[in-house]
Amino acid sequence: MDQKQFEKIRGVFDRSGVALTLADMSLPEQPLVLANPPFLRMTGYSEGRILGLNCRFLQREGENEQARADIRDALAQGNEVQVVLRNYRSNGEPFDNLLFLHPVGGRPGAPDYFLGSQFELDGLGGDRPAAAAGHAGALSRDLARIGAVAARLEMDTRRQLAEVAAALVRAWERRS
């Protein structure tokens with residue numbers, strides 16, 4: 001992606017109300033190269049502290065083992081994935097995060113980037129599936145804007161994404 005395309009994607013990120021990150025798959029450890037204000041507010045980190053890091057900094061060792069395995073498989077195959085992770089803000093406070101990862105650019109199975117969208121599940125009250133579906137809809141609109149810039153953006157329809165989000169939230173609610 002050239003600098004002009006990157007700046008257009010940054011513009012979409014900055015205007016989005018959805019927490020978004022972009023990881024560069026061509027670099028060791030797949031570091032974050034973009035993080036928008038909603039992500040920074042959610043996590044409590046500044047952009048200067050996190051750019052250049054892999055998003056694993058939000059996790060603690062020994063947690064999220066199945067979700068981490070699902071993420072590793074998706075990254076290795078260049079596929080999208082949705083998982084729920086226990087993450088930690090900069091102050092150490094835990095939160096449950098519905099993570100959407102989507103390949104961007106490159107070729108099928110070997111994307112140049114992965115876009116991450118984070119959705120906090122804590123404190124939503126009773127209708128988490130509907131809230132997650134709303135998040136998925138906002139994410140789909142943002143991805144459509146990014147898709148105009150990154151023509152090879154691979155993703156399912158908004159309805160499928162919303163259904164997956166709602167199913168993941170229901171599974172997360174049943175975990176205890």
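Me: Leu34 first. Buried or exposed?
Reply: Leu34 counts as buried, because its relative accessibility is 2%. Buried means under 20% relative accessible area, exposed over 50%, and partly exposed in between (1.4 Å probe, protein chains only).

Me: What kind of model is this, and how are residues numbered?
Reply: It is a predicted model, where local features need pLDDT of at least 70, side-chain atom pairs count only at pLDDT 80 or more, and totals for chains, interfaces and linings use all residues. Residues are numbered from 1 along each chain as its sequence is written, and side-chain values use heavy atoms, with hydrogens and water left out.

Me: Back to Leu34. Which strand is it found in?
Reply: Leu34 is in strand S2. Helices (H or I, at least four residues) and strands (E, at least two) are DSSP runs, numbered from the N terminus.

Me: Which residues is Leu34 in contact with, leaving aside neighbours within four places in sequence?
Reply: Phe6, Ile9, Arg10, Phe13, Leu20, Thr21, Leu22 and Leu51. Contact means heavy atoms within 4.5 Å.

Me: And what separates the C-alpha atoms of Leu34 and Asp24?
Reply: 9.2 Å. The two residues are ten apart along the chain.

Me: Zoom out. How many helices and strands does the chain have?
Reply: Six helices and five strands. Along the sequence the pattern reads α-β-β-α-α-α-β-β-β-α-α.

Me: What share of the chain do buried residues make up?
Reply: 47% of the 176 residues.

Me: What about contacts between residues at least 6 apart in sequence?
Reply: Of those, 49% join residues at least 24 apart.

Me: And the accessible surface? What does it come to?
Reply: About 8600 Å², with 49% belonging to carbon and sulfur atoms. Those areas come from the Shrake-Rupley method with a 1.4 Å probe; for residues, only the protein chains shown count as cover.

Me: Now S1. How many of its residues are buried?
Reply: Six of six, over residues 19–24. Ala19, Thr21 and Ala23 point one way, while Leu20, Leu22 and Asp24 point the other way.

Me: Why would side chains alternate like that?
Reply: In a regular strand they alternate between the two faces of the sheet.

Me: How many bridges join S1 to S5, and how many join S1 to S2?
Reply: Six bridges join S1 to S5, and the two run antiparallel. Three join S1 to S2 (residues 32–35), also antiparallel. Two strands pair if DSSP finds at least two bridges between them.

Me: Which side chain joins Thr21 in a polar contact?
Reply: That of Gln118, at 3.2 Å. A polar contact is a pair of N or O atoms within 3.5 Å; within protein, one must be able to donate a hydrogen and the other to accept it, and residues adjacent in sequence count only if both atoms are side-chain atoms.

Me: Gln118: buried or exposed?
Reply: Gln118 lies in S5. At 3% relative accessibility, Gln118 counts as buried.

Me: And why is S5 as a whole called largely enclosed?
Reply: Because seven of its eight residues are buried.

Me: How many bridges join S4 to S5?
Reply: Eight, with the strands antiparallel. Val104 stands opposite Tyr113 of S5.

Me: Helices next. How far does H4 reach?
Reply: H4 has 13 residues (65–77) and reaches 18 Å from its first C-alpha to its last, close to the 18 Å expected at 1.5 Å a residue. The expected span is 1.5 Å times one less than the number of residues.

Me: Which H4 residues are buried?
Reply: Ala67, Arg68, Ile71 and Ala74. They sit on the same side of H4, because they cover an arc of only 125° around the axis. The arc is that of the directions from the helix axis to the C-beta atoms.

Me: What do they pack against?
Reply: Strands S3 (81–88), S4 (94–104) and S5 (113–120). On the other side of H4, Gln66, Arg72 and Ala76 are exposed.

Me: What happens just after H4?
Reply: Gly78 takes a positive phi of about 70°.

Me: Which loop does Glu29 lie in, and what is its phi?
Reply: Glu29 is in the loop between S1 and S2. Its phi is positive, about 70°, although it is not a glycine. Most residues other than glycine have a negative phi.

Me: And Gln30?
Reply: Gln30 is in the loop between S1 and S2, with a positive phi near 45°. Gln30 is partly exposed, at a relative accessible area of 25%. Glu29 counts as partly exposed at 48% relative accessibility.
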